[in-house]
Amino acid sequence: MRKLILAISMLAFAGSAAFADPIQERQAIMKERGKIAGQLSKVVKGETPYDAAAVLAALKALEANAEKFHANVDTLFPAGSDTGDTTAAPKIWDDMAGFKAVEEKYLADVKAAAAAAPDVDAFKAGFNTIGGDCGTCHKTYRIKKG
């Protein structure tokens with residue numbers, strides 16, 4: 001009986017995940033990413049004092065966010081999710097291999113920044129690389145708002 005209940009529960013969970021809105025899911029990941037990047041940007045600009053432990057924690061959070069996106073990129077951008085309340089450019093679906101390559105570079109750069117010694121100069125250099133990755137993706141695969 002326990003196995004049956006567990007199996008039904010797992011199917012119900014899998015079914016609910018299959019019906020989740022990919023646009024809302026990817027927007028949530030990007031909002032989280034933006035919030036973390038904003039915190040790190042304040043450190044780079046000198047608006048917030050450099051604290052190695054806090055920077056490392058934020059970089060690890062950014063890494064977890066990037067890994068979540070990477071692991072789910074196909075379910076976050078299924079066919080048909082290019083319309084509606086989204087700023088994802090049609091180029092994503094036209095050039096999925098290119099989009100994935102940009103996303104993989106971002107993930108690698110975030111991992112490298114998180115793995116680097118908690119040195120302020122290394123952090124700033126790594127964060128500038130990450131910011132460049134974001135800019136590359138936004139220029140190519142995002143529709144500008146307003």
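Colleague: How are α2 and α7 oriented to each other?
Modeller: This is a predicted model, where local features need pLDDT of at least 70, side-chain atom pairs count only at pLDDT 80 or more, and totals for chains, interfaces and linings use all residues. Residues are numbered from 1 along each chain as its sequence is written, and side-chain values use heavy atoms, without hydrogens and water. Helix α2 (residues 22-44) packs on helix α7 (residues 120-141) at about 130 degrees, with axes 10 Å apart. Angles under 35 degrees count as roughly parallel, over 145 as roughly antiparallel, 65 to 115 as roughly perpendicular and the rest as oblique, so α2 and α7 are oblique.

Colleague: Which residues of α7 make the contact with α2?
Modeller: Contact means heavy atoms within 4.5 Å. From α2 come A37, L40, S41, V43 and V44. The α7 side supplies F123, K124, F127 and N128.

Colleague: Which element gives the largest share of the lining of the largest pocket?
Modeller: The lining has 25 residues, with R26, M30, T87, H138 and R142 nearest the pocket centre. Lining residues have an atom within 4 Å of a pocket point. The elements giving two or more residues are α2, α6 (96-115) and α7. The largest share, seven residues, comes from α2.

Definitions and conventions. Axes are lines fitted to C-alpha atoms, for helices over the stretch in contact, and angles run from 0 to 180 degrees between N-to-C directions. Helices (H or I, at least four residues) and strands (E, at least two) are DSSP runs, numbered from the N terminus. On a 1 Å grid over the protein atoms alone, a cavity is a set of points where a 1.4 Å probe fits but cannot get out, and a pocket is an open set with protein on both sides within 12 Å along at least five of seven lines; lining residues have an atom within 4 Å of a point.
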